[in-house]
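This report describes a protein chain from its computed geometry.

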Amino acid sequence: MEIWQMRVALGLLLAVDVAVAIAPSAAPSADASPATPLAGRSTVNQSHYLQETTSWCLEFLDGLSPDQVYATWIWVRSHLIAPVLQVVVSLCMIMSVMLVVEATYMTVVSLGVKLFGWKPEKQYKWEAIKGDDEELGSLAFPMVLIQIPMFNELEVYKLSIGAACGLTWPSNRIIIQVLDDSTNPIIKDLVELECKTWESKGVNIKYVIRSNRKGFKAGSLKIGMQYDYAQQCDFVAIFDADFQPEPDFLIRTIPFLIHNPKIALVQARWDFVNFNTSLITRIQKMSLDYHFKVEQESGSAVFAFFSFNGTAGVWRVSAINEAGGWKDRTTVEDMDLAVRTTLMGWKFLYVGDIKVKSELPTTFKAYCRQQHRWTGGAANLFRKMAWETVITKDVSLLKKFHMLYSFFFVRRVIAPTVAFLLYCVILPISVMVPEVIFPAWGVAYIPTTLTILNVIRNPRSIHMMPFWILFESVMSMHRMKASMAGLLEAGNFNEWVVTKKVGDTFKEKSEIPLLETSQTKFTDRVNVPELGFAVFLFFCASYDLLLGTRSYYMNLYLQGVAFLVLGFNFSGTFSCSS
């Protein structure tokens, strides 16, 4: 080892000694020898010791020429940094393969469903309810409960209540239950007045409030199911406050439950009334279309299992009761119930031809909060349900593997982790560490394959793919943070923030540009993490352009621009403040 290398090694040893000395548990036991030559000093002399050690570090490193300094960096980079990064790259390659295999499998299944016409009516028995039976009359129709949970939904409460009250079903065989957790007394009065208005028209509608918001949506739904009239119902349909089902929704969904006693849930697809409002809503539509067309379709076709979307679905009340009802232990109470019900041996059915109009978040912050709740809650549920899934006896080994590996591990943990770690952290850093090797298939072929798989199921949105890729690059930071928080139960992993709605207000503007700032004060509009990461990416891109191999600078600049744009909140339309 050369002299300068010895200096570096000794300098690193002294740095470790500093860390040991300032740690709360650094003091060794009476019979233990110091971990390093200078360790074991008393806490009283810690400040002086730190100064002394620092000066020694500088003395050992003093006198190096510029060439030696550069050689020192090369040695540290190649012997210490590069090996660690190479290990992380290898792990990311493994995760990337897992992700692309899972995406390919789901796409192939969903395409098979479409090409071969495997419609739900062909897989399961479906017959229209015969309401013309004079003997039975309306009794031919089962009792159905409609639950509409809401919280300060000033902009949309009339839309959802009106759509539910307009469902085609015998009036004596349906109950509308409005579960109002609003904290604004004015909004509560308005919702109650709306319920009384429909009640005066002959609709069997119940207005339910409670003294606290314990359990949030899950707590509200649980309270709603405890009423005697709710337990007398055979099925319950759930609609969030911004969802507007078509009048024939029950006519088309309930027969699946009547004629197939092992089906616990019929899930409809979401449609979006404001998808063309801005760039951010168009990108959301692409992601959710993929979710329904690929994830839900494939899960329903092969394993009769997928996650309940929390709304626009009809449940068998007996299945909910058998699974233990609603639980508020995570922020994904819908997925929680779906997993527990599946472990009881029940089946789910996704019907993509039935669409329910809904609203997409129109601001970046609202969307981030929604994604944090969905991603973090799913990862936390994986932590809570993994062992229960392993030991259950009512589900086949193959279905267990699908639930644990595909549904939870790959989609809820691996996907957000590799998307951010590889493309937003390791790859940018590697421009300063050229010893790190990226296989072409890992950084070029796999991302291209994933993009093509998305385009196959969203051909009409191909022109939006560049924006979608950049936007998802930014969102990967939030999703990985949420996933790790949920998995480790750290930070605000169990935080519940209701996504604000705008209702018909977005229609007041006849022309809305793709990019428009939120009309809020500057401090609320700036997203510091995105801006900080934009600076990091711009630095790495510039380094690669000026001093590096010029392999990734263009991609890094584009990513940096995306982080910068969303950092200043130049997305969406307007503030969703009530």
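Does methionine 385 count as buried or exposed, and at what relative accessibility? Methionine 385 has a relative accessibility of 0% and therefore counts as buried; buried means under 20% relative accessible area, exposed over 50%, and partly exposed in between, with a 1.4 Å probe and protein chains only. The model is a predicted one, in which local features need pLDDT of at least 70, side-chain atom pairs count only at pLDDT 80 or more, and totals for chains, interfaces and linings use all residues. Residues are numbered from 1 along each chain as its sequence is written, and side-chain values use heavy atoms, with hydrogens and water left out.

Methionine 385 is part of helix H13 (residues 364-391). Helices (H or I, at least four residues) and strands (E, at least two) are DSSP runs, numbered from the N terminus. Apart from neighbours within four places in sequence, the contacts of methionine 385 are Arg329, Val339, Arg340 and Leu343, where contact means heavy atoms within 4.5 Å. Between methionine 385 and arginine 340 the C-alpha to C-alpha distance is 8.4 Å, while in sequence the two are 45 residues apart.

Val339, Arg340 and Leu343 are among the buried residues of H12. Helix H12 (residues 333-343) is mostly covered, with 11 of its 11 residues buried. Charged side chains are included in that set: Glu333, Asp334, Asp336 and Arg340 are buried in H12. Just after H12, glycine 345 has a positive phi of about 100 degrees.

## The chain as a whole

The protein chain contains 19 helices and seven strands. Of its 578 residues, 52% count as buried. Among contacts in the protein chain with a separation of 6 or more, 82% are between residues 24 or more positions apart.

Strand E1 (residues 144-150) is largely enclosed by the rest of the structure, because seven of its seven residues are buried. Val144, Ile146, Ile148 and Met150 are buried on one side of E1, and Leu145, Gln147 and Pro149 are buried on the other.

E1 runs parallel to strand E2 (residues 174-180), joined by seven bridges; two strands pair if DSSP finds at least two bridges between them. In this pairing, isoleucine 146 is opposite isoleucine 176 of E2. From E1 the chain passes through helix H5 (residues 157-165) to E2 in a right-handed β-α-β crossover. Right-handed here means that, with the strands pointing away from the viewer, the path from the first strand over the helix to the second runs clockwise.

E1 also pairs with strand E4 (residues 235-238), in the parallel sense and over four bridges. Strand E6 (residues 313-316) is joined to E4 by four bridges and runs antiparallel to it. Tryptophan 315 in E6 is the bridge partner of valine 236.

## Pocket and cavities

The second largest pocket holds about 870 Å³ of space. On a 1 Å grid over the protein atoms alone, a cavity is a set of points where a 1.4 Å probe fits but cannot get out, and a pocket is an open set with protein on both sides within 12 Å along at least five of seven lines; lining residues have an atom within 4 Å of a point. Grid points are joined across faces, edges and corners, and a volume is the space filled by probe spheres set on the points. The lining of the second largest pocket comprises 32 residues, with Arg269, Asp289, Lys293, Lys355 and Arg457 nearest its centre. Helix H3 (66-115), strand E5 (263-272), helix H10 (279-303), strand E7 (347-358) and helix H15 (440-457) each give two or more residues to this lining. H10 gives the most, with seven residues. By class, the lining has 12 nonpolar, seven polar and 13 charged residues; Ala, Val, Leu, Ile, Met, Phe, Trp, Tyr, Cys and Pro count as nonpolar, Asp, Glu, Lys and Arg as charged, and the others, Gly among them, as polar.

The structure has two cavities of 30 Å³ or more. The largest cavity has a volume of about 40 Å³ and is lined by Leu179, Asp180, Asp181, Val208, Ile209, Arg210, Ser220 and Ile223. E2 and helix H7 (216-225) are the elements that give two or more residues to this lining.
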